[in-house]
Amino acid sequence: MLFDGPAIHKRLDEMAAQITADYSDRELMVIAILTGSLMFMSDLLRRIPLPLKLDCLSVVSYHGKTLPSGDVIFKQLAVPDVGGRDVLILDDILDTGQTLAAVRKELDTAKPRSIRICVLLSKRKRRARDVDADYIGFEIDDDFVVGYGLDFMERYRNLPYVGVLRKDLLEQPNQ
């Protein structure tokens with residue numbers, strides 16, 4: 001286990017306070033990346049006492065594997081209308097940067113007022129794409145993590161903590 005529930009919630013309180021201060025005079029447009037960010041999004045947004053709008057993007061980059069494929073697929077036909085808005089992209093983890101770079105590029109075409117990125121976890125590693133998060137819950141090593149929304153083969157999302165997946169489970173054939 002890397003971070004238990006109380007540690008996660010304490011960090012979310014701190015992140016929410018910073019986001020609230022940064023957007024105190026503006027309406028925030030939150031774009032959550034599904035499905036991994038659901039628990040993070042839900043718990044973080046309840047702590048932000050600002051007017052905000054919420055939309056979600058369904059994006060796939062792992063394709064059932066333990067490493068991102070490099071291909072980012074948007075699973076819906078249209079992206080949310082973010083023109084002229086202050087956008088906060090929420091994602092569970094910043095790994096290679098492929099997903100967040102693709103989402104940011106897509107949203108940029110609508111000419112938002114601003115775009116910032118907020119992630120629960122950021123891996124300490126060299127990224128395939130030049131992407132930085134403005135708000136980071138925790139920095140972690142380059143391990144495969146699960147729990148609190150993060151999955152392996154659609155399993156373990158419901159764990160109330162974040163932990164490193166055991167190597168023997170990573171090596172098991174698809175079940």
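**Note on the predicted model**

1. Of the contacts in the chain (heavy atoms within 4.5 Å) with a separation of 6 or more, 66% are between residues 24 or more positions apart. This is a predicted model, in which local features need pLDDT of at least 70 and side-chain atom pairs count only at pLDDT 80 or more, while totals for chains, interfaces and linings use all residues. Residues are numbered from 1 along each chain as its sequence is written, and side-chain values use heavy atoms, with hydrogens and water left out.

2. The chain has four helices and eight strands, taken as DSSP runs numbered from the N terminus (helices H or I, at least four residues; strands E, at least two). From the N terminus, the order of elements is α-β-α-β-β-β-α-β-β-β-β-α.

3. Of the 175 residues in the chain, 45% are buried, that is, under 20% relative accessible area with a 1.4 Å probe, protein chains only. Strand 5 (residues 114–123) has nine of its ten residues buried, so this strand is largely enclosed by the rest of the structure.

4. Strand 4 (residues 86–94) and strand 5 run parallel and are joined by eight bridges; two strands pair if DSSP finds at least two bridges between them. Within strand 5, Ser122 stands opposite Leu94.

5. In the contact of helix 1 with helix 2, His9, Leu12, Met15, Ala16 and Ile19 of helix 1 meet Phe40, Asp43 and Leu44 of helix 2. By class, this contact has six nonpolar residues, one polar and one charged (Ala, Val, Leu, Ile, Met, Phe, Trp, Tyr, Cys and Pro count as nonpolar; Asp, Glu, Lys and Arg as charged; the others, Gly among them, as polar).

Terms used
Buried < 20%, exposed > 50% of the residue type's maximum accessible area, 1.4 Å probe, protein only.
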